[in-house]
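Here is a short tour for anyone meeting this structure for the first time. Have a look at the chain below, and then we'll walk through it together.

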Amino acid sequence: MSKWLAMILAGSLLAACGGNVRTAEPVRYDFGSSGASIAEAAAPLPLAAIEVRTASWLAGTAMHFRLAYAEPLRRQSYGESRWAAPPAELLEVFLKRRLALTPSGSSGTGCRLQLVLDELEQRFDDPQRSRLVLEARAVLTPLHGSEILSRRVFLITQPAATADAGAGAAAARAAVQALAADLGNWLGQLAREKPAIVERCRS
């Protein structure tokens, strides 16, 4: 009897200890520093606001990947790695720093740049080779009103150095840097070729 009692007590003690075991916190990634501003590329086209929305499947902090070589229709996420915040929030903060909103925004003038992030995933073409895929739609509107002045779709891919979440995060940083540069070039082109849009943003 005492033997069974001892076994029960030992089992209870192990269960109690097991209940206190804490799993490791997930590693959290962001896009890092935005670096130097490239606002000069878009300065003739004043931006008063930048807003980023996202597709519903990117609303959380999961870091998505896809085994395109084996299960091309299955979206998966890393179990021990997360974004520090939803990708749309990270991208909005990055672009606001990178494109540097013009002071004219405080006086009620300038345009609004709206982006919809449709895809941000690490895509594996084979077990050892992957790339970060970023898809976004950009719309330029007046600060007040919904008139569409211009729109453009961006598709950016960046190779990942290794087949893991850390390399995917590094590739994502390179992808958002490329997106910021492409947005700056696009806005600069509009400023040079579409004077009516410039006046609309300044009105």
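Is Arg 75 buried, partly exposed or exposed? Arg 75 is partly exposed, with a relative accessible area of 28%. For these words, buried means under 20% relative accessible area, exposed means over 50%, and partly exposed is in between, using a 1.4 Å probe and protein chains only.

## Before we start

What you see is a predicted model, so local features need pLDDT of at least 70 and side-chain atom pairs count only at pLDDT 80 or more, while totals for chains, interfaces and linings use all residues. Residues are numbered from 1 along each chain as its sequence is written, and side-chain values use heavy atoms, with hydrogens and water left out.

## Strand β5 and its partners

Let's begin with strand β5, which covers residues 111-126. Strands here are DSSP runs of E with at least two residues, helices are runs of H or I with at least four, and both are numbered from the N terminus. β5 is mostly covered, as 13 of its 16 residues are buried.

Who sits alongside? Two strands pair if DSSP finds at least two bridges between them. With β6, β5 pairs in the antiparallel sense over 14 bridges, and a hairpin of two residues joins β5 to β6. With β2, the pairing is parallel, over seven bridges, and here Val 52 stands opposite Leu 115 in β5. β3 and β5 also pair in the parallel sense, over three bridges, and Arg 66 stands opposite Arg 123 in β5.

## Salt bridges that tie things together

A salt bridge is a side-chain nitrogen of Lys or Arg within 4 Å of a carboxyl oxygen of Asp or Glu. The whole structure has twelve of them. One of them joins Arg 112 to Glu 51, with the closest N and O atoms 2.5 Å apart. This pair links distant parts of the chain, since Arg 112 is in β5 and Glu 51 is in strand β2 (residues 47-54), 61 residues apart. Arg 112 is buried at 18% relative accessible area, whereas Glu 51 is partly exposed at 31%.

Back to Arg 75: this residue forms a salt bridge with Glu 119, the closest N and O atoms being 2.8 Å apart. Arg 75 lies in the loop between β3 (62-67) and β4 (76-83) and Glu 119 in strand β5, so the pair ties together parts that are 44 residues apart in sequence. Glu 119 is buried, with a relative accessible area of 7%. Both residues also belong to a network of salt bridges that links Arg 66, Arg 75, Glu 119, Glu 121 and Arg 123.

There is also Asp 118, which forms a salt bridge with Arg 137, with 2.7 Å between the closest N and O atoms. Asp 118 lies in strand β5 and Arg 137 in strand β6 (residues 129-142), so this pair ties together parts that are 19 residues apart in sequence. Asp 118 is buried at 19%, and Arg 137 counts as partly exposed at 40%.

Thr 141 is in strand β6, and Arg 112 stands opposite Thr 141. Thr 141 is buried, with a relative accessible area of 3%. Not counting residues up to four places away in sequence, Thr 141 touches Cys 111, Arg 112, Gln 114, Ser 146, Glu 147, Ile 148 and Leu 149, where contact means heavy atoms within 4.5 Å.

On a 1 Å grid over the protein atoms alone, a cavity is a set of points where a 1.4 Å probe fits but cannot get out, and a pocket is an open set with protein on both sides within 12 Å along at least five of seven lines; lining residues have an atom within 4 Å of a point. Grid points are joined across faces, edges and corners, and a volume is the space filled by probe spheres set on the points. There is one cavity of 30 Å³ or more, and the largest cavity holds about 50 Å³ of space. β5 gives the most to its lining, with three residues.

The largest pocket has a volume of about 170 Å³.
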